[in-house]
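Student: I am new to this structure. Please take one part and look at it closely with me.

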Amino acid sequence: MLVNQRASLPPTPTTGLPPPDFAPWRLSGLVLAPLMNDPAALQALGAAVDAPPYKAAPKAPVLYIKPRNTLAAAGAPMPLPLGVPALQVGASVALVMGRTACRVAERDALAHVAGLALVVDLSVPHDSFYRPSVPLKALDASCRVAPPVAFSGQDLAMLTLHIDIDGRRVHAASTAGLRRPAAALLADVSDFMTLNPGDLLLLGVAHGAPLARAGQPVHIAAEGIGALTFPIEAAA
Amino acid sequence: MKTARVAYGGAIHTAYPHATGLQLADGRVLREEDVVWLPPFEPGTVIALGLNYADHVAELARELHSTAAAEPLVFLKSAGALIGHRGHTRRPSDAAFMHYECELAVVIGRPAKGVKAAGAMQHVAGYTVANDYAVRDYLENWYRPNLRVKNRDGGTALGPWLVDTADVADPHALALSTRVNGTLTQQGSTANMVHRVPQLIEYLSAFMTLEPGDVILTGTPEGVVNVNPGDEVVCEIEGIGRLHNTLLPDSLFGITA
């Protein structure tokens with residue numbers, strides 16, 4: 001009956017998310033990421049940080065959401081939007097939440113983490129961070145998640161990842177020296193929004209994320225955590 | 001047709017308006033205060049508009065860097081921010097200025113990608129009322145409005161009813177109002193939106209596929225004032241519904257100063 005369909009508009013299944021082979025077994029579909037958790041990203045802005053429109057360095061974590069339309073199977077081709085010559089390839093390790101985290105203390109934060117996953121976050125390149133830039137960051141299929149691994153006490157300040165484009169190593173990064181290391185980030189985010197089992201919280205994309213053009217294969221790997229490969233395609 | 005989702009007697013039910021309150025799909029008639037009201041549909045992506053009423057832009061002009069509204073100001077929220085009618089929202093004690101925002105919420109009913117404004121309304125399932133709180137003390141100029149301002153647990157109320165598109169002749173001819181403890185504090189009309197619903201769907205669906213259950217909160221008119229713990233805030237949109245919310249102090253959440 002039409003009426004009942006209306007009252008229970010079904011949530012669209014989040015396609016392409018891999019099932020973890022540990023509890024919580026399922027990802028929720030929430031993908032949350034901090035902006036500028038790499039000190040080099042803020043340093044690169046130089047004096048602009050203190051000038052309008054920013055006027056000061058961010059104090060609380062600045063976050064963005066990759067909504068469900070962005071989630072695609074890890075290997076699916078990524079089409080360029082019309083008129084966009086290249087996409088920025090951001091890569092980050094994400095915390096896979098295992099327990100509900102609401103206002104957790106930094107010292108307890110990592111006890112709420114069940115796993116780690118490699119995530120790629122594709123965006124239209126932009127150099128203004130005043131507005132949320134949703135049209136540049138919420139493109140269909142612009143977020144891919146590699147199968148998560150269990151969190152068993154890995155040193156989250158010692159993770160390394162790299163990006164190869166067209167078979168060439170173009171970017172290498174580590175989680176050392178983040179403005180907010182994993183536990184501090186989770187504590188500060190959970191101060192105002194509760195994270196639930198299966199939610200993903202990225203540690204943040206490193207400064208200098210490379211660009212990829214149509215026809216180029218992109219390969220991303222985080223040592224001990226995962227890898228994913230997909231091609232960039234011309235606009236449909 | 002108006003429908004709600006409510007929790008009652010250990011289950012979640014579809015409910016309909018009734019002269020004495022509401023009626024569950026199974027026939028039981030209940031009073032409004034006997035059920036727990038959930039957002040009236042299962043929410044997908046929550047898309048919100050800032051500065052989408054000319055009068056509200058004027059109200060904030062002193063702190064804005066630009067009054068130009070060539071492109072909609074869009075931000076996203078997560079499902080954890082959502083609560084239903086007669087819900088409770090925490091009012092943090094360290095903030096000087098937290099305000100409500102009464103907004104027309106547009107619920108998508110059919111997938112939309114690359115849709116033009118002329119055909120956009122076919123993708124709308126219906127409307128409900130939103131109260132999208134903001135804590136202005138936490139504003140920072142990075143991805144503004146940042147999530148700490150606009151994506152707090154329980155900071156966005158939706159409901160009570162999802163009203164079918166067919167029952168709303170013109171979504172841009174509806175009076176909006178907010179009352180705090182019975183005093184009228186905000187008044188406006190959806191006629192004054194800068195970017196209208198069909199244009200918003202065209203704009204959004206150009207870069208993202210909208211799916212059933214996705215919801216667009218279309219912004220608020222002028223008249224936002226500070227609210228305090230204990231205040232009851234009622235947001236009303238003509239023909240759509242009257243959404244109640246109560247602000248609670250930190251102390252009830254185990255937070256000590």
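**An open sheet and a cavity**

Tutor: This is a predicted model. Start with the sheet in chain A. Five strands make up an open sheet, in the order β4-β14-β13-β9-β10 (chain A). Their pairing is mixed. Now look at the edges. There stand β4 (78-79) and β10 (168-174) of chain A, each with a single partner strand, so one side of each has no neighbour in the sheet.

Follow β10(A) to its partner. Strand β9 (residues 160-165) of chain A is joined to β10(A) by six bridges. The two strands run antiparallel. Within this pairing, D164(A) sits opposite R169(A) of β10(A).

The structure holds three cavities of 30 Å³ or more. By class, the lining of the second largest cavity has eleven nonpolar, two polar and three charged residues.

One last stop, in chain B. A125(B) lies in strand β12 (residues 124-132) of chain B. Is A125(B) buried or exposed? Its relative accessibility is 2%, so A125(B) counts as buried; the cut-off is under 20%. V215(B) is 90 residues away from A125(B) along the chain, yet their C-alpha atoms are separated by 9.9 Å.

Definitions and conventions. Residues are numbered from 1 along each chain as its sequence is written. Chains are lettered from A and ligands numbered from 1 in the order in which they are written. This is a predicted model: local features need pLDDT of at least 70, side-chain atom pairs count only at pLDDT 80 or more; totals for chains, interfaces and linings use all residues. Side-chain values use heavy atoms; hydrogens and water are left out. Two strands pair if DSSP finds at least two bridges between them. Helices (H or I, at least four residues) and strands (E, at least two) are DSSP runs, numbered from the N terminus. On a 1 Å grid over the protein atoms alone, a cavity is a set of points where a 1.4 Å probe fits but cannot get out, and a pocket is an open set with protein on both sides within 12 Å along at least five of seven lines; lining residues have an atom within 4 Å of a point. Grid points are joined across faces, edges and corners, and a volume is the space filled by probe spheres set on the points. Ala, Val, Leu, Ile, Met, Phe, Trp, Tyr, Cys and Pro count as nonpolar, Asp, Glu, Lys and Arg as charged, and the others, Gly among them, as polar. Buried means under 20% relative accessible area, exposed over 50%, partly exposed in between (1.4 Å probe, protein chains only).
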